[in-house]
Amino acid sequence: MIKKLRMFKHIFPGLSILHRDVKTNDYKLQIAYMLHTNGADKVRSKLNSLKYTNQETNDIWLLIHMSRPAQVIKDLPSFKKLQSNSKLTTSQIKQWANINSNKYIMKLWNWKLSITSKDAIDKGLKGKQIGDYIKNKEEELFLSS
C-alpha cells in the first residue's frame, strides 16, 4: 500500500491522494475518487498538464463536481450542458453515486430541465435576468421534487 501511495504521489504531483481502494475497474471513477478531495478545478488543471485528453479530464472533473451537489444545484442549466458533452454512462454515474453514498448524484444526472427563456420573457424579464430566472426556478423545482 505504501509503494502504491508513493507511486500515485509521483503520478499526480501536488495533489492529495485518497488511498482507499474503490471496487471498480473504471479508471475515470478510480482517478476521480482518489483526487476528489482536491476540488474539481484543481484536478482539471493538473490532469490537463499531465496530458490526459480533454474528454478524460472533463469527465473526471464532472464526477468530482457532482460529488458536491449543493454547488451543482445552484446552476443546473450549466451542469446539464456539461453533462451533454460528457462521455460518461448512466452505469458509471450509478457506480459513482454508490461510491459516494450520495442519492443526489443520480437525481442530478436524470434531471430534465423544464424552464425555458420563453417562461422568463413572458414574465417581462430581459438580459441577464432571464438566465438568473431559469437557474433559480430550476433550483427551486429540483429542491421541491
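Colleague: Hi! What is the relative accessible area of D132?
Modeller: D132 has a relative accessible area of 27%, which makes D132 partly exposed. Buried means under 20% relative accessible area, exposed means over 50%, and partly exposed lies in between, with a 1.4 Å probe and protein chains only.

Colleague: Before I go on, what kind of model is this?
Modeller: This is a predicted model, in which local features need pLDDT of at least 70 and side-chain atom pairs count only at pLDDT 80 or more, while totals for chains, interfaces and linings use all residues. Residues are numbered from 1 along each chain as its sequence is written, and side-chain values use heavy atoms, with hydrogens and water left out.

Colleague: Thanks. Back to D132: which residue forms a salt bridge with D132?
Modeller: The partner is K128, and the closest N and O atoms of the pair are 2.7 Å apart. A salt bridge here is a side-chain nitrogen of Lys or Arg within 4 Å of a carboxyl oxygen of Asp or Glu.

Colleague: How many salt bridges does a search of the whole structure find?
Modeller: The search finds six. One of them joins K118 and D122, whose closest N and O atoms are 3.0 Å apart. K118 and D122 are also four residues apart, in helix 9 (residues 117-122), so they are separated by about one helical turn. Both K118 and D122 are exposed.

Colleague: Which residue does K28 pair with?
Modeller: K28 forms a salt bridge with D59, with the closest N and O atoms 2.6 Å apart. K28 belongs to helix 2 (residues 27-35) and D59 to helix 4 (residues 54-66), so the pair ties together parts that are 31 residues apart in sequence. K28 counts as buried at 10% relative accessibility, and D59 counts as buried at 0%.

Colleague: Changing topic, what is the overall secondary structure?
Modeller: The protein has ten helices and zero strands. Its C-alpha trace spans about 60 × 30 × 20 Å along the principal axes, and 41% of the 145 residues count as buried. Among contacts (heavy atoms within 4.5 Å) between residues at least 6 apart in sequence, 59% join residues at least 24 apart.

Colleague: At what angle do helix 4 and helix 6 pack?
Modeller: Helix 4 and helix 6 (residues 76-84) pack at about 145°, and their axes are 10 Å apart. The axes are lines fitted to C-alpha atoms, for helices over the stretch in contact, and angles run from 0 to 180 degrees between N-to-C directions.

Colleague: Which residues meet there?
Modeller: On the helix 4 side W61, L62 and M66 meet F79, L82 and Q83 of helix 6. The residues of this contact divide into five nonpolar, one polar and no charged. In that scheme Ala, Val, Leu, Ile, Met, Phe, Trp, Tyr, Cys and Pro count as nonpolar, Asp, Glu, Lys and Arg as charged, and the others, Gly among them, as polar.

Colleague: Is Q83 buried or exposed?
Modeller: Q83 is buried, with a relative accessible area of 14%. Not counting residues up to four places away in sequence, Q83 touches L62, L108 and W109.

Colleague: Which residues of helix 8 are buried?
Modeller: In helix 8 (residues 103-110), I105, M106, L108 and W109 are buried. Down the axis of helix 8 these residues fall within an arc of 160°, so they line one face of the helix; the arc is that of the directions from the helix axis to the C-beta atoms. The buried residues of helix 8 pack against several helices, including helix 4, helix 6 and helix 10.

Colleague: Last one: where is N102 found?
Modeller: N102 is in the loop between helix 7 and helix 8. N102 counts as buried at 16% relative accessibility, and N102 touches S67, P69 and A97, leaving out residues up to four places away in sequence.

Notes. Helices (H or I, at least four residues) and strands (E, at least two) are DSSP runs, numbered from the N terminus.
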